[in-house]
Amino acid sequence: MQTTEEVPLSVTAERAVVTQQAGKAPEKDWVIVTRGLKREYDMGGEIVRALRGVDVAIRRNEYVAIMGPSGSGKSTLMNLIGCLDTPDAGEYWLSGDLVSSMADDELARVRNREIGFVFQTFNLLPRATALHNVELPLVYAGVPSDERRKRAIAALERVQLGNRITHRPNELSGGQRQRVAIARALVNEPAILLADEPTGNLDSTTSEEIMRVFEDLASSGQTVIMVTHEPDIAAHARRVIVLRDGMIESDDRRERFAEKMQIAAPSVTHK
Amino acid sequence: MPFLDAVRLALAQIRVQKLKSFFTLLGVTIGVMFLIAVVSIVEGMSSYMEHDFVGKLVGVNTVTLRQQPEIGANISDAQWRAMRRWPRVLMTDVQPVVDALPPGTLWSAEGYDNVFVASQWSPPKQLQASAVEGDYFKIREMKIAKGRVITSQEMAMGTPVVVIGEEIATRFFPNLDPINRPLKVAGLPYTVVGVAESQGSIFGLSLDRFVIAPYRSPLRHVVNKPNVLDALKIKAAGDADMTETTEAIRQVMRSRHELRPSEPDNFTVESSESALTFWTSIKSKLVIAGVVLPAIGLVVGAIVIMNIMLVAVAERTREIGIRKALGARRRDIMSQFLVEAATLSTVGAILGIISGILLAEIISAVSPLPATVAPWSIVAGVIVGAGVGIISGIYPASRASRLDPITALRAE
């Protein structure tokens, strides 16, 4: 507990060191390091520079929120961190591997082993049971079926859904669906849990419930990265990176971020 | 993704959309159905030709000397005209031919024609009547239901007696015992001495419409010119080599017809093989038809499956995105859709096999065509079914596997 609280204090300075050493594999403790990450899109002849050189360094066991208004490049950054996309320039190191130069199938393998996705719209297979949905990453990891089942049940129990394993998504509430998605994200014991607006489709009570799940996971040592545009959701993380126009605007501990938000937009923090 | 999981997934898709799946499968089902039905009927005819037909009409271990072949394949009109000018087989040829063969060889000389047959209980009818000499009944392996066969004394004397087929017996002697009753054959008075056991039919033609009389009886003057035979049947003793027998007959006949070595035969020695050659040439054409027609159904089936799979890929873009995000590689997505297409069309093929067997059974029940389901055609049906699925699934599956996960996740 003590260490995870302390890391953000010195992170800006350390980040500066880690992200300057182009081409050098970072130490094991750094689960994510990006160096000068750039991504451009061609939107009908007009070049949109979604990311314009982003340096991010995240240690193991950190709980980080990436925040920013729409168009700030946070979705692009999430796609890159989630290995769904590759940068046009810059380096991306995930768990000591240079992911930015990997081919399609290698990226699929990294997504399968290192990343657990939680989406705004849950993205569960509608016709499959909760158990089958959670088993899916294990299927692609080549885990034999009896072990798959055991691990999927364990993951569902971890999110308090041990009694819902045969339910299909349409038989579950929004909060339960998102917890199935979290169980699916955790079942392969990924290096990072990557959540994209995890509470975007949930009411505030259920949002709090999901945030508690994230808090518990972070406390138990899981690295969590959450992308959101809501400051009060971002404030649940221990460190908040704010993006604007494809660049990092600020990178603060939770306390400092909340302080700043109260000054800038006091109405948002108390809902 | 393990193969069995993919199959289970595909079967679940079929269960969810029964009607759509049924129409998807229709092309493959019909194609395989006709494949099985046609192959079954051809195979049935084939085993029939090779066993019953040859046994009944030609006889095992038997060769027949004729002026021109009875069953001809690939013979042009000009050849037929040329063969009609060849010399006839004569009664005087019999002894030299028989002498050239090992003892124990059976022979029968036959002359036959369609003549009017009548009795006092029935109006006249045209039928095939044969005037025979030698071991005719032994070679035909004819069993007698009533009465007896024609004795060798009657053969030698030319006594006007006949052995008749079962159908003739019931037609000309309704509710009567035909034995020792008079029968007019080509206007000549004959007496019935025996009725043969029913021989069944070939392709719906009865084999029980015949009248057999001794060669030396007056019938011979009606069926042929003096001394002329239509056929000389030779049955080799035991398991004698048929090629050697045929060769011996040829040599005797060539010398009797005074042919120079450069000249071709001007007579025909037919064996069961030559009858089968004819059948084989028909069979290969039938098999081609039996493969080409179902192929059309299968091509249509393949196009339908390809379309349905493209629709499935479009409908399930988001699912593909989710699977990719969770770590599915291109080949995982590819094999998922390929297995789905293959499973779909294999199910269609299995339905086709079942209905093909039923169709073959129905055809053999209502028509004289026999049907035997060949095991290889079932295996071929399944392989063809799976193959059609895989081929028609390649394009949709590769499209699915190339989807960009980010775009796919944003679908719908």
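**Salt bridges of chain B**

Modeller: In this predicted model, the side chains of Arg88(B) and Asp230(B) form a salt bridge, with N and O 3.0 Å apart. Arg88(B) sits in the loop between α3 (77-84) and β2 (89-90) of chain B, and Asp230(B) sits in the loop between β12 (228-229) and β13 (231-235), so this pair ties together parts that are 142 residues apart in sequence. The two partners can be told apart by accessibility. Arg88(B) has a relative accessible area of 32% and is therefore partly exposed. Asp230(B), at 16%, is buried, because buried means under 20% relative accessible area.

A second pair involves strand β13 of chain B itself. Lys235(B) and Glu141(B) meet through their side chains in a salt bridge of 3.2 Å, N to O. Lys235(B) belongs to strand β13, while Glu141(B) lies in the loop between α5 (136-140) and β5, so the parts tied together here are 94 residues apart in sequence. Lys235(B) is buried, with a relative accessible area of 17%. Glu141(B) is exposed, at 54%.

The next pair is Arg316(B) with Glu319(B), whose closest N and O atoms are 3.2 Å apart. Both Arg316(B) and Glu319(B) are buried. Elsewhere in chain B, salt bridges link Glu247(B), Arg250(B), Arg254(B) and Asp265(B) in a network.

Salt bridges also cross to the other chain. The interface of chain B and chain A has two of them. One of these joins Asp104(A) to Arg330(B), with the closest N and O atoms 3.1 Å apart. On the side of chain B that touches chain A, the elements giving two or more residues are α1 (3-16), α11 (317-325), α12 (330-366) and α14 (405-409). Helix α11(B) gives the largest share of that side, six residues. Sorted by class, the side has 10 nonpolar, three polar and 10 charged residues.

Some totals put this interface in context. The contact takes 23 residues from chain B and 21 residues from chain A. About 2,000 Å² is buried between the two chains, 57% of it on carbon and sulfur atoms. Ile322(B), Leu326(B) and Ile406(B) supply 29% of the area that chain B buries against chain A, more than any other three residues. Seven residue pairs are in polar contact between the chains, counting pairs with both residues at pLDDT 80 or more. Over all chains, a search of the whole structure finds 32 salt bridges.

How values were computed
Residues numbered from 1 in each chain as written. Chains lettered and ligands numbered in written order. Predicted model: local features only at pLDDT ≥ 70, side-chain atom pairs only at ≥ 80, totals over all residues. Heavy atoms only, no water. Contact = heavy atoms within 4.5 Å. Buried area = accessible area lost by both parts, 1.4 Å probe. Salt bridge = Lys/Arg side-chain N within 4 Å of Asp/Glu carboxyl O. Polar contact = N/O pair within 3.5 Å; in protein donor to acceptor, adjacent residues only side chain to side chain. Helix = DSSP H or I, 4+ residues; strand = E, 2+ residues; numbered from the N terminus. Nonpolar A, V, L, I, M, F, W, Y, C, P; charged D, E, K, R; others polar. Buried < 20%, exposed > 50% of the residue type's maximum accessible area, 1.4 Å probe, protein only.
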